[in-house]
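Here are some notes to read with the model open beside you.

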Amino acid sequence: TFSLVALFTLLSKFAGLARDMIVGHAFGLGIIADSYNFAYSITGTILVLFGGQGGPFHTATFAALTGKRENATAADNSKLVMQMMAWTAIAMGMIALIVYIFAPYIVHIIMPGTVDGSHGYTTAERFIEVIKQVRIMAPLIMIAGLVGIGCGISNTYNEHFWPSIAPAFASGAIITFVLLPHTDGGVALALGTLVGGIGQLAVQIPGMLKARPCFSFDIFTKLQPGMKEYLVMFLPLTFSTSIGTLIGYVDQGFSSGL
C-alpha cells in the first residue's frame, strides 16, 4: 500500500509540473496567467488545502469513521457519512454562492494595487478578468469539502488508489482545456480547473460507496453518532490548515501593484 500511494502521488506531482509548464508556455506572464493566479488563490487554493489528503475534511472524516467502523451498525455509518456530505455540501455551497455574488468586493480586497498598463494591461482589465475567473471556479469551494470527505471515507475503508491519483485528473483537465482550441484563455483555464475539481470528486466515488451512504431525512434533524466528533475536530483543523496561507494573501496584496 505504501509503495502504491507513493508511486501515484509522485505521478500526480509530475502531472502538476506538466500542467504548470504547459500553462506557462501558453500564457506566459500576461493578464490571463496573472489573473488566474489571483482567482485561483480564492477558489482553487481551498480545494488544495481542504480537499487533499491531510486536510481538515479528510482528517476529521477519517477520525470520526475509524472510531465508529467496528462499533456501529452499517446503517449508522451510512447515515453518518450522508450527514457529513450533506451538511458540508450545504455549508460550503453557501460560501461558494457568497463568493460568486460578492466577487468584485473580494477581488478588490486581495488585489488592491494598481497597474498602469506598462505590462500590456490596466488595473480595470485585470479586475474584470479576475472576477470572471473567480465566478467560474466558485463551485470548487463546495467541491473541496466533498473531495476531502471522500478521501477520508476511502482511507477508512482501505481504498488508497483513487485518493492518490485524484490530483492527476485535475492537472489533466487543465492541460486538456488549455490545449483545445479556445477563444478565451481565461475561460479555458478556469473551466479546466473546475472540471478538474469535479474529476477529483468523481474518482472518490468507488471508495465512498464502500460506506454505503444512504439518504434519510433525519440527517437534517438529528446528529448522527460520530457527527459531533467530526464537527469538534474540524474547527481547529481548519484554523491550523488555513493560518499559514494568510501570508500568501499579504504578499499578494503588496505585489498586486507591481
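Before anything else, a word on element names: helices (H or I, at least four residues) and strands (E, at least two) are DSSP runs, numbered from the N terminus. Keep in mind that this is a predicted model, where local features need pLDDT of at least 70 and side-chain atom pairs count only at pLDDT 80 or more, while totals for chains, interfaces and linings use all residues. Residues are numbered from 1 along each chain as its sequence is written, and side-chain values use heavy atoms, with hydrogens and water left out.

1. Let's start with the aromatics. There are two aromatic pairs in the structure; rings of Phe, Tyr and Trp (its six-membered ring) pair if their centres lie within 6.5 Å, and planes under 30 degrees apart count as stacked, over 60 as edge-to-face and the rest as tilted.

2. The cut-offs here: buried means under 20% relative accessible area, exposed over 50%, partly exposed in between (1.4 Å probe, protein chains only).

3. Now for Phe 102 and Tyr 105. Their ring centres are 6.2 Å apart with the planes at 50°, so this pair is tilted. Phe 102 is partly exposed at 41%, whereas Tyr 105 counts as exposed at 59%.

4. Arg 135 lies over the face of its ring, 5.2 Å from the ring centre. For the record, a charge sits over a ring if NZ of Lys or CZ of Arg is within 6 Å of the ring centre and within 35 degrees of the ring normal.

5. Back to helix 2, this time with helix 3 (residues 44-51). Their axes come within 3 Å and cross at roughly 45°; axes are lines fitted to C-alpha atoms, for helices over the stretch in contact, and angles run from 0 to 180 degrees between N-to-C directions. The two helices are therefore oblique to each other (angles under 35 degrees count as roughly parallel, over 145 as roughly antiparallel, 65 to 115 as roughly perpendicular and the rest as oblique). Which residues meet? Tyr 40, Ser 41 and Ile 42 on the helix 2 side face Gly 44, Thr 45, Ile 46 and Val 48 in helix 3. Contact means heavy atoms within 4.5 Å.

6. Helix 4 (residues 56-69) includes Pro 56, which is buried with 0% relative accessible area. Not counting residues up to four places away in sequence, Pro 56 touches Leu 49, Phe 50, Phe 234, Leu 237, Thr 238 and Thr 241.

7. Apart from neighbours within four places in sequence, its contacts are Gly 52, Gln 53, Gly 148, Cys 151, Gly 152 and Asn 155.

8. Ala 211 sits in the loop between helix 11 (205-208) and helix 12 (227-242). At 4% relative accessibility, Ala 211 is buried. Setting aside neighbours within four places in sequence, Ala 211 contacts Ser 78, Val 81, Ile 153 and Tyr 157. Ala 211 and Lys 79 are 132 residues apart in sequence, with 9.4 Å from C-alpha to C-alpha.

9. Over in helix 1 (residues 2-27) you'll find Arg 19, partly exposed at 23%. Leaving out neighbours within four places in sequence, Arg 19 is in contact with Ser 171, Ile 174 and Ile 175.

10. Last stop, helix 7 (residues 123-137). Its buried residues are Arg 126, Glu 129, Val 130, Ile 131, Gln 133, Val 134, Ile 136 and Met 137.
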